[in-house]
Amino acid sequence: MDVKKVLVIGGSDPSGGAGIQADVKTLVEIGVYPYSAITAITVQNSSGLTGYEVVPARLLREQINAVIYEGNIRSIKTGMLGSSENILEIASLLTLKIIEYSVIDPVIKASNRVPLLSDASIAVLKKRLLPYCFMVTPNADEAKCLTGLAIKTEKDLLDAAMALKETGVKWVLVKGGHLESNLSIDLLYDGEREYYFESEKVGHKNVRGTGCMLASAITAYLTLGFTPCDAVDKAKAYVFNKICNAVQLGKGSLQALHFRKEGGCTENRID
Ligand code: PLP
């Protein structure tokens, strides 16, 4: 049986809304095998993140080596990395040139604005990791932290994408979901081609982990053989469906569900 494998590298969220838990659920639902290496243990629930501790780089390296040894891992997706040392571990994995698709979700702050990466580590991510990566998927805030460019209009999306492309990363997906418009507009850019993805905003829905799910879904679809453009398109549709059907499980934000039921998880819908 030809089972495709993806390694997700990120922080643990005990409430399962974001981080590694959201990644693993997404990968399984789309149909690839999830390996996972933990960079940090966070303390959070649907009401927000209250603390975390970063895993030492040596322990991260050992987790990565243990699963890479299993063979045939073509793709990685990273989320919260937590420290410059952890970022450099991922960079050294990519310099081995055994990973075809590396999708970097540059997690800088938690949804409740708690910082998850220092300014010094943001610079390390930009200079030492992005040059080896296949795709980076910042939202407007993250793009601003990485480039210094504020994103308010569609034209700003392209400026930020061009600035990020200069790092050497192959594809940039700048997510403009936070732009002041009725539509959510994302731009996928490879230095030559610009693909704009427009979707209706489901802004009234406060669902955590949407960035994690999107980057994981893109990685899964790339690994299954879709082009970058089709992988983003399909991943956006996947996350849109998750947001539309999210439910209140705890006391704060809504939770995406990943049960495999006939007709997706629409049966669980509560509006
Ligand atoms: N990874 C972890 C461990 C997190 O705690 C968070 C946010 O709190 C994220 C990733 C990013 O989540 P989102 O997809 O909502 O940007």
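This is a predicted model: local features need pLDDT of at least 70, side-chain atom pairs count only at pLDDT 80 or more; totals for chains, interfaces and linings use all residues.
**Close-up views of the sheet and the ligand site**

View 1. Strand 2 (residues 33-45) and strand 3 run antiparallel and are joined by 6 bridges. Among the residues involved, N45 has G48 of strand 3 as its bridge partner.

**View 2. Helices packed on the sheet.** Helix 1 (residues 19-30) packs on the sheet and touches strand 1 (5-12), strand 2 and strand 4 (75-78). The direction of helix 1 makes about 155° with that of strand 1. Helix 3 (residues 84-95) also packs on the sheet, where it touches strand 1, strand 2, strand 3, strand 4 and strand 5 (101-104). Between the directions of helix 3 and strand 4 the angle is about 165°.

View 3. The open sheet consists of 9 strands in the order 3-2-1-4-5-6-7-8-9, with mixed pairing. Strand 3 (48-54) and strand 9 (194-200) each have a single partner strand and stand at the edges, so one side of each lacks a neighbour in the sheet.

**View 4. Polar surroundings of the ligand.** The ligand is surrounded by 15 residues, of which Q44, S111, G209, G211 and C212 are the closest. A side-chain N or O atom of Q44 lies 2.6 Å from an oxygen atom of the ligand. For S111, a polar side-chain atom is 3.3 Å from a ligand oxygen atom, and for G211 a backbone N or O atom is 3.0 Å from one. The protein covers 93% of the 390 Å² of accessible area that the ligand has on its own.

**View 5. Composition of the ligand shell.** Strand 2 and helix 7 (210-223) are the elements that give two or more residues to the shell. Helix 7 contributes the most, with 3 residues. By class, the shell comprises 6 nonpolar, 8 polar and 1 charged residues.

Conventions: Residues are numbered from 1 along each chain as its sequence is written. Side-chain values use heavy atoms; hydrogens and water are left out. Two strands pair if DSSP finds at least two bridges between them. Helices (H or I, at least four residues) and strands (E, at least two) are DSSP runs, numbered from the N terminus. Contact means heavy atoms within 4.5 Å. Axes are lines fitted to C-alpha atoms, for helices over the stretch in contact, and angles run from 0 to 180 degrees between N-to-C directions. A residue is near a molecule or strand if one of its heavy atoms lies within 4 Å of it. A polar contact is a pair of N or O atoms within 3.5 Å; within protein, one must be able to donate a hydrogen and the other to accept it, and residues adjacent in sequence count only if both atoms are side-chain atoms. Accessible areas come from the Shrake-Rupley method with a 1.4 Å probe; for residues, only the protein chains shown count as cover. Ala, Val, Leu, Ile, Met, Phe, Trp, Tyr, Cys and Pro count as nonpolar, Asp, Glu, Lys and Arg as charged, and the others, Gly among them, as polar.
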